[in-house]
Amino acid sequence: MKLLTHNMLTSHVKGVTKGYPLLIKATEVKMNEVEFNPQFVSRMIPKLEWSALIQAAEELGHRQDLPGELVPDYEKDEEFLKMVHRVLLEVEVIEGFLQCPESGREFPITRGIPNMLLNEEEA
Amino acid sequence: MATTLNRSCNQYLIHLAQDNLDFRLPVTSFMQHYSCRSAFELWGHGQTHSELKTSLLNYPLENMLPFMHKDSTYKINVYTFNKTLEFADRIKRIDALDYLPFEGAVSLKSPEHIFCLLEDYGTDPNNIPEHPNYIYFGRWIADGQRELIRSHSVKNRHFIGNTSMDAGLSFIMANHAKVKENDLVFDPFVGTGSLLVACSQFGAYVCGTDIDFNTIHGKGRSSRKSQKWRGPDENIRANLRQYGTEKMYVDVMVSDASKPVWREAALFDAIITDPPYGIRESTRRTGSHKDISKPHDGIYVDSHVPVSQAYHLSDIFTDLLHSSALHLVMGGRLVYWLPVYRPEYCEEMVPLHPCLRVISNCEQTLSSHTARRLITMEKIKEPEELDSLAHMEDLHLSPYQGHNAFREKYFSGLNKRCGKEEDRPHVNGQ
C-alpha cells in the first residue's frame, strides 16, 4: 500500500464519524523506486490531506525533511516535489494493518494489499 | 421524479467487422471476477492513418520484432466502432500497414500472433463520419496464453466470442473517459485489471478494488504455489509490468464497492469499470443475515470474505453513480457497462444522478435477448445533502429496478437454448 492511497482511505465502520486518517501499524515496509513525474505530483498535492500525509510518513519513519505545511509555489520547487513523490509513491507498506482511529477495528495489509472488508455487524 | 434531469444522449449500435467466424474461441470462464480478460498491447494510435503511421514508426523496433520474425505466423484483425466496413476496405487497411516489418506468414486459422487495427467512428449512428475519429493498432494478448483460473464448474461458452474486441474496447472505454497522462483512474470492480492496463497505457495512474480476495491477490495459479513469493500483487501489478507501465500502478485493494472506502473528496479524474452482471454469486456485498431474501444464493464461508448477500443489480448502479458523484473531479467521467434485457429495454432504464450527465449510451449485442450498454457520464455538479436524499428516491423508483429480474430472464432464455441447468455461459463476453 502506498501513502497516496492511504491518504484517500477512511474507516467506514458503522457509526464511526472520525475514521480518518487510518492509523498505520506496519511490520514490513519497502522502498520501491518509481520514476519521478513532477506533473503528476503537482496534480495530486491539492487533493491531499497534508497533515494526514505527514502523520503517516512519520508513523513509518519516512518523514525525513517533509515540512509540516505545504510550501507556496510548490509546482516549481523540484526538490520539494521529489520529497513528496518519494513519500506518496515509493514508500510501500507490505505487511501490517490499518486501524480505525475511533473504533480500533483493524484492516490487515498482506503482500501490499489492504483488505477493507467488514463483517456484517460492522457494515 | 426530477424532470430537470437531462436524458438527451445518443443511442446506437456497435457494428463489428469480423472477418472470420473461426475467431469465436470458446473460453473457459465462469464468474466475472475469474474471467480471463484479454489484453491489448498498444503499439500506436492517432487521429488519422498518417498519425498512426508516425506513432507506429516511433514504437521501439526491438519490441515489435519478436512477434514478427519469419518463422512465426500472424493475422491482422480490423475492428470498427459505430461503422460497418466492407470486406474490401478491411483488406485495404491491412495492406496499408505494409510499412510494419512483418516477416512471418499469415495464418487465419491459428496464428501465433494476432494484431488488431481499431477504428473509432464516434458515438452517433445517425452521423457516421467518413473517416474515423481515432485509430489504434496493437498486439492482442489472449488470456488463454496465461494460466487460466479454473473453477469447479463445467466449461462455458460465451456469446460474443470476440475477446480481442474486448481488449480493444478497453481502449475505447479509456477514450470515452478522456483518460490522459497524469490522470488518476479508479476501477471499483477491477477483476484482473485489464481496464487499468489500458488506462496506464494512456499515461494515467491507476488503482482498483474488488470484493474477491483471490482475484486481487492472484491466487489459484498453480505456478505460484511452488514459486517463492517475490512481492506484492503478482496479478494486476504484474500485468502492468508486462506492458512497461508498472510505474503507473498505485494500489489495488480488497473492498466492497457498495461500501466505499474513500474519504469524501473529488479524488479521481475517471472511474472506469465493468460491474458484475448479477448472475448467481458473481454479485456480492457484505450484509447481515436478516437482509437476505434468498438464503441459498451466494452464501459461502471464507476466511477472507464475510457472509455475503445477493447484490441487486439496481443497487450496484445506484452505488456506482452515487460514489462517482462524490469522488470524481468536476468534469471527470464515469464509463461503465450496463447489462440489459433487450426485449424490455427502454432509455428510461439508464440510471441517472443529478450530479452526472449522460454523454453517451451505446449497445453491444451479446445474444438475441441480452446486450450490454456502454454508458458514459460526466460530473457536472458537486453533491449536496439535498441531492443525495432526492436522488436516492429517484433511483429507487427507477425502472432499472426491474433489471433485478435480469438474472431470471437471462436464464429462462438460456435454458431454452441449452436445456441444461448447470450451463451458465458468461455474459461478459470473455
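Asp183(B) counts as buried, at 1% relative accessibility, where buried means under 20% relative accessible area, exposed over 50% and partly exposed in between, with a 1.4 Å probe and protein chains only. What we have here is a predicted model, in which local features need pLDDT of at least 70 and side-chain atom pairs count only at pLDDT 80 or more, while totals for chains, interfaces and linings use all residues. Residues are numbered from 1 along each chain as its sequence is written, chains are lettered from A in the order in which they are written, and side-chain values use heavy atoms, with hydrogens and water left out.

Now to the partner of Asp183(B), which is Arg43(A): the two form a salt bridge whose closest N and O atoms are 3.3 Å apart, a salt bridge being a side-chain nitrogen of Lys or Arg within 4 Å of a carboxyl oxygen of Asp or Glu. Because Asp183(B) lies in the loop between helix 4 and strand 7 of chain B, and Arg43(A) in helix 2 of chain A, the pair joins two chains; helices here are DSSP runs of H or I with at least four residues, and strands are runs of E with at least two, numbered from the N terminus. Arg43(A) itself is partly exposed, at 31%, and both residues belong to a salt-bridge network that also includes Lys47(A), Lys180(B) and Asp269(B).

Let me turn to a pair within chain B. Glu119(B) and Arg93(B) meet in a salt bridge at 2.7 Å, N to O, and the pair links strand 5 to helix 3, 26 residues apart. Both of these residues are buried.
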